[in-house]
Amino acid sequence: MTKPLIAGNWKMHMTVGEAVACARHLRELFPEPIDREIVIAPPFTALWPVSQALTDSPIGLGAQNVSDEPKGAFTGEVSAGMLADAGCRYVIVGHSERRRLFGEEDAWINRKLIAVLKAGLAPILCVGETLAQREAGDAFPVIEGQINAGLKNLEAGDIARCVVAYEPVWAIGTGRTATPAQAEEAHAFIRSRIRGLFGETQSADLRILYGGSVTPDNIDRLMESIEINGVLVGGASLNIESFSRIIRYSKG
Ligand code: PGA
């Protein structure tokens with residue numbers, strides 16, 4: 001089984017100096033490979049300097065967004081090839097903030113995901129329902145639609161490089177975490193969909209992360225579930241002390 005993945009999404013926070021200082025601090029705390037994989041996703045401006053600060057470190061670098069185009073006259077966009085060139089290994093695709101605030105819809109997210117794979121990087125596809133959708137009993141159909149559309153036209157081999165993050169929109173930045181049981185149920189559902197689309201082996205190997213108000217206080221209970229193969233952490237990853245406690249989770 002692949003290592004659990006603990007990823008920090010720094011969103012639109014940190015200057016270059018702050019990001020490099022945090023990366024150095026993290027590297028000091030985790031100088032050697034451990035039984036879990038660590039990734040940080042700073043803003044675009046800090047990617048290259050952070051990648052330099054992480055040279056020869058087991059800590060991986062991720063980007064928070066990407067263009068679906070390889071190059072050209074697309075003002076303000078950054079291609080997957082450029083992200084690879086800047087030292088990234090992962091790219092978050094289809095985060096709910098991008099879906100909700102920037103109008104990214106499933107077909108576009110699918111094109112981005114394919115661009116990421118083509119550049120040799122690993123996409124972290126975010127899916128998750130809103131509170132209204134959950135309350136209407138539509139959580140699973142919504143997740144299923146996002147999985148089917150987001151992973152469209154992928155070969156079984158491609159899925160081996162993908163990570164899926166289940167991030168219920170109502171839990172992101174709200175302090176309201178899904179209960180371990182709710183997360184486990186959604187993860188098991190996602191895995192069953194992956195099994196249907198790509199087969200048993202691929203679904204068993206897929207890492208499904210939970211995201212949404214993960215903190216040092218709830219990480220241990222979340223990671224107890226065998227369905228939860230890591231976490232995508234926003235707010236609590238901005239402070240290296242709390243992020244390192246999350247990385248050091250222990251099950252129960
Ligand atoms: P949060 O963000 O941990 O601050 O809720 C998670 C995310 O958006 O990935």
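Author: Let's sort residues by class: Ala, Val, Leu, Ile, Met, Phe, Trp, Tyr, Cys and Pro count as nonpolar, Asp, Glu, Lys and Arg as charged, and the others, Gly among them, as polar. This is a predicted model, where local features need pLDDT of at least 70, side-chain atom pairs count only at pLDDT 80 or more, and totals for chains, interfaces and linings use all residues. Residues are numbered from 1 along each chain as its sequence is written, and side-chain values use heavy atoms, with hydrogens and water left out.

Reader: What is a cavity, and what is a pocket?

Author: Picture a 1 Å grid over the protein atoms alone: a cavity is a set of points where a 1.4 Å probe fits but cannot get out, while a pocket is an open set with protein on both sides within 12 Å along at least five of seven lines. Lining residues have an atom within 4 Å of a point. Here there is one cavity of 30 Å³ or more.

Reader: How much space lies in the largest cavity, and which classes line it?

Author: A volume is the space filled by probe spheres set on the points, which are joined across faces, edges and corners. The largest cavity holds about 40 Å³, and its lining has three nonpolar, four polar and two charged residues. Among them are Cys126, Gln146 and Glu167.

Reader: And which helix gives the most to the lining of the largest pocket?

Author: Helices (H or I, at least four residues) are DSSP runs, numbered from the N terminus. H4 gives the most, with four residues. That pocket has about 410 Å³ and 15 lining residues, with Lys11, Met12, Gln64, Arg98 and Phe102 nearest its centre.

How values were computed
Helices (H or I, at least four residues) and strands (E, at least two) are DSSP runs, numbered from the N terminus.
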